[in-house]
Amino acid sequence: MQTPKITVIGSINIDLVTGSPRFPQPGETLLGTSFDRFMGGKGANQAVAAARLGTEVCMIGAVGDDGFGREALAHLQAEGINTDRIKTLPDQPTGMANITVAEGDNHIIVVSGANFGITPADIEACEARIAESDVILSQLEIPMDCVLAAAKLARKHNKPFVLNPAPAQKLPAELLGLVTLLTPNAYELAISLGLPENTPVEELIKQAGVPVLMTRGSEGVLYNDENGNLHTQPSFKVTPVDTTGAGDTFNGAFAVFRHLGMKEATRKANAAAALSVTKAGAQSGMPTAAELEAFLAKQA
């Protein structure tokens, strides 16, 4: 197979990040120490991760008719992503995340805006693109009925539907039945299935009833094969600067390499995720194909 055609259906945000010596008390004004603006949204992050690895990516989503929306579209286009199927909604603001970083932690307020302004009809209008794709990748920062509409179209055209169930919420049984591969962490899988968070990961994967590729941070990944056997793929050791977007990098990269089989796809996706945490910002450290291959060559 040549490089696959990937369609990402998901969110587009602008991340506004303020550094502070500490978190303010209610009613208090503090002088911040830094301010940065990053492109974000789990959908856009995963689209950028895939595009930087040299594959054809189309993004389906929505932005507002505002400065942030125009900036986000220009950024995605500069990354080589097809934005023809991103709607501009005049009555909604572009999605944004207001992030305060202090005391080694962060507080985040997300305003979904246009991300929750898209409808199943908008997804169905993109059926032709879904039909010609090699992998459909989605998350849960858009309405659940839109994710379900995408999954149904993927099944209709016999296309693999990879779902990253984040932010965590319980998944409808109908959606689970349409998923080709679920890519949660342990917490997300427990919530997705409506099971206690302390359920052993092996039991969670068994209970899922669908193929699962579980990300486990520094412990690498865990996945099951068609016979129910569990396999692990270790992570790569790096010095992290900012872990934001590592999971999105993993998902985007996995979609690119999925045709190589689970073992090789997860190895390369782990390496891409490791590289992504060596720079600040969700997208800033996402590697190109050349950077990824150079990194892997050093690991041999």
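**View 1. Strands 8 and 9 side by side.** In this predicted model, strand 8 (residues 135-138) and strand 9 (residues 161-163) run parallel and are joined by three bridges. Within this pair, Leu137 stands opposite Val162 of strand 9. Strands of a sheet pair through backbone hydrogen bonds, and such pairing may be either parallel or antiparallel.

View 2. Six strands, with parallel pairing, make up an open sheet in the order 5-4-1-8-9-10. Its edges are formed by strand 5 (86-89) and strand 10 (181-182), each of which pairs on one side only.

**View 3. Helices packed on the sheet.** Helix 2 (residues 67-78) packs on the sheet, where it touches strand 4 (56-64) and strand 5, and its direction makes about 175° with that of strand 4. Helix 5 (residues 144-156) lies across strand 1 (5-9), strand 8 and strand 9, and it runs at about 150° to strand 9.

View 4. Leaving aside residues up to four places away in sequence, Leu292 touches Leu53, Phe257, Lys268, Ala271, Ala272, Leu275 and Pro287.

**View 5. The annotated span.** An unreviewed UniProt entry places the feature "domain: Carbohydrate kinase PfkB" at residues 5-288. The end C-alpha atoms of residues 5-288 lie 17 Å apart, and the span is 33% helix and 24% strand.

Methods:
Residues are numbered from 1 along each chain as its sequence is written. This is a predicted model: local features need pLDDT of at least 70, side-chain atom pairs count only at pLDDT 80 or more; totals for chains, interfaces and linings use all residues. Side-chain values use heavy atoms; hydrogens and water are left out. Two strands pair if DSSP finds at least two bridges between them. Helices (H or I, at least four residues) and strands (E, at least two) are DSSP runs, numbered from the N terminus. Contact means heavy atoms within 4.5 Å. Axes are lines fitted to C-alpha atoms, for helices over the stretch in contact, and angles run from 0 to 180 degrees between N-to-C directions. UniProt positions are given in the numbering used here, feature names are shortened, and annotations may be inferred rather than shown by experiment.
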